[in-house]
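User: Please go through the labels attached to this model, and set each one against the rule behind it.

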Amino acid sequence: MLFLVAALMLLGVVLGTVAHAPLDVTAGLAAVIVVWLAGFAARERLARRRHTPTN
């Protein structure tokens, strides 16, 4: 329960910051996050293919 309260407080701080940031800064940071997540997903997919035994 305490974890949920802390997570909601952190989310409020982050959303408050985004609400006051200029749109181009917000869009740039969102693009960086999307690229990072796409790279992470690709790396995980490649690692899963290498470690899965073929039957």
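User: Why is Ala41 called partly exposed?

Analyst: The relative accessible area of Ala41 is 42%. Buried means under 20%, exposed means over 50%, and partly exposed is what lies in between (1.4 Å probe, protein chains only). Ala41 therefore falls in the middle class. This is a predicted model, in which local features need pLDDT of at least 70 and side-chain atom pairs count only at pLDDT 80 or more, while totals for chains, interfaces and linings use all residues. Residues are numbered from 1 along each chain as its sequence is written, and side-chain values use heavy atoms, with hydrogens and water left out.

User: Where does Ala41 lie, and how far is it from Val25?

Analyst: Ala41 belongs to helix H2. Its C-alpha is 24 Å from that of Val25, at a sequence separation of 16 residues. Helices are DSSP runs of H or I with at least four residues, strands are runs of E with at least two, and both are numbered from the N terminus. By that rule the chain has 2 helices and 0 strands.

User: What makes Val35 exposed, and what class does Ala47 fall into?

Analyst: Val35, also in helix H2, has a relative accessible area of 60%, so it passes the exposed cut-off. Ala47 has 27% and is therefore partly exposed. Ala47 is likewise placed in H2, which covers residues 23-51.

User: Why is the aromatic pair of Trp36 and Phe40 called stacked?

Analyst: A search of the whole structure finds 1 aromatic pair. Trp36 and Phe40 form it, with 6.0 Å from centre to centre and 20 degrees between the planes. Rings of Phe, Tyr and Trp (its six-membered ring) pair if their centres lie within 6.5 Å; planes under 30 degrees apart count as stacked, over 60 as edge-to-face and the rest as tilted. Trp36 counts as exposed at 58% relative accessibility, whereas Phe40 is partly exposed at 37%.

User: What makes the contact of Glu44 and Arg43 a salt bridge?

Analyst: Their side chains meet at 3.8 Å, N to O. A salt bridge is a side-chain nitrogen of Lys or Arg within 4 Å of a carboxyl oxygen of Asp or Glu, so this contact qualifies. The whole-structure search finds 1 salt bridge. Side chains of opposite charge can pair when their charged atoms come close. Arg43 is exposed at 52% relative accessibility, and Glu44 is partly exposed with a relative accessible area of 34%.

User: How does the radius of gyration of the chain stand against that of a compact globule?

Analyst: The chain has 18 Å, whereas a compact globule of 55 residues would have a radius near 10 Å. The radius is taken over C-alpha atoms, and the globule rule is 2.2 Å times the number of residues to the power 0.38. Along its principal axes the C-alpha trace spans about 55 × 35 × 10 Å. Of the 55 residues of the chain, 0% count as buried.
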